[in-house]
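Thanks, everyone, for making the time. I would like to walk through one model with you, going from charged pairs to the sheet and then to the core. Please have a look at it first.

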Amino acid sequence: MKVLKKIDIYLVKKRNTRPIEIVQADTGIQIEFTVKDFEIPTGTTATLYVQKPSGKFVYQETGITVAGNVITIDLENQAIIEKGNIPYQLGLKNGTDEITTFEGLMMVNRSLKNSDATESTTVIRAFEALTAEKIAEIRASASEQIALVVAEGNNQIEAV
């Protein structure tokens, strides 16, 4: 499952490129950049460079395809793990020639997903869960008691 975000970018003259809005750590994002003012030669490769809100720079080279004037990136987690405004650039390379796009912006919104979160539930569901847990405890205890009684009975039979 991929959510496709389409962005027009320019290499010759800086123009306003709309920010890319993303939720933190969503790796189901695919960004399709279309270069509008330059013909990208065949054989060109691309790299995504980002500066995280912590100041750390990271880059991504995998999951990127260049076809004609379209650069498609399957966004990896490292680029969007921190929430905040993240400047990015694309580096294009063909042979010894390198071109870098003007800086764009990813707006990474916080994710409310958290493994420590408590499931929201109704009183009835909470009661059912608690009841099932207690029934399981009672059954386990009863099984232990039955096993003890059977073991004692066998000991008494052997003694006779």
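Let me begin with Glu82, which counts as partly exposed at 22% relative accessibility, where buried means under 20% relative accessible area, exposed over 50%, and partly exposed in between, computed with a 1.4 Å probe on protein chains only. Before I go further, please keep in mind that this is a predicted model, in which local features need pLDDT of at least 70 and side-chain atom pairs count only at pLDDT 80 or more, while totals for chains, interfaces and linings use all residues. Residues are numbered from 1 along each chain as its sequence is written, and side-chain values use heavy atoms, with hydrogens and water left out.

Which residue does Glu82 pair with? Glu82 forms a salt bridge with Lys52, and the closest N and O atoms are 3.9 Å apart; by salt bridge I mean a side-chain nitrogen of Lys or Arg within 4 Å of a carboxyl oxygen of Asp or Glu. Lys52 lies in the loop between β4 and β5 (57–60), and Glu82 in the loop between β7 (70–74) and β8 (84–94), so this pair ties together parts that are 30 residues apart in sequence. Strands here are DSSP runs of E with at least two residues, and helices are runs of H or I with at least four, both numbered from the N terminus. Lys52 itself, at 6% relative accessibility, counts as buried.

Asp26 forms one with Lys113, with 3.8 Å between the closest N and O atoms. Asp26 lies in the loop between β2 (20–23) and β3 (29–35) and Lys113 in the loop between β10 (104–109) and α1 (123–159), so here the parts tied together are 87 residues apart in sequence. Asp26 is partly exposed, with a relative accessible area of 26%, whereas Lys113, at 62%, counts as exposed. The other example is Lys134 with Glu137, whose closest N and O atoms are 3.5 Å apart; both residues lie in helix α1, three residues apart, about one turn of the helix. Lys134 is partly exposed at 41%, and Glu137 is partly exposed at 42%.

Turning to the sheet, four strands form an open sheet in the order β1-β3-β7-β6, with mixed pairing; two strands pair if DSSP finds at least two bridges between them. The edge strands are β1 and β6 (64–67), each of which pairs on one side only. Within this sheet, β3 and β7 run antiparallel and are joined by five bridges, and Thr34 stands opposite Val70 in β7.

Leaving aside neighbours within four places in sequence, Val3 is in contact with Gly28, Ile29 and Gln30, contact meaning heavy atoms within 4.5 Å.

What about the core? The largest nonpolar core has 26 residues, of which Phe33, Leu48, Ile71, Leu75 and Met106 touch the most other members; such a core is a set of buried Ala, Val, Leu, Ile, Met, Phe, Trp, Tyr and Cys residues joined through side-chain atoms within 4.5 Å. The elements that give two or more residues to this core are β1, β2, β3, β4, β7, β8 and β10. Leu75, again apart from neighbours within four places in sequence, is in contact with residues including Ile22, Leu48, Ile80 and Met106.

Finally, the aromatic pairs, of which the count comes to two; rings of Phe, Tyr and Trp (its six-membered ring) pair if their centres lie within 6.5 Å, and planes under 30 degrees apart count as stacked, over 60 as edge-to-face, and the rest as tilted. Phe33 and Tyr88 form a tilted pair, 5.6 Å centre to centre with 45 degrees between the planes. Phe33 lies in strand β3 and Tyr88 in strand β8, so the pair ties together parts that are 55 residues apart in sequence, and both Phe33 and Tyr88 are buried. Tyr49 and Tyr59 also form a tilted pair, at 6.1 Å centre to centre and 40 degrees between the planes. Here Tyr49, at 39% relative accessibility, counts as partly exposed, while Tyr59 is exposed, with a relative accessible area of 56%.
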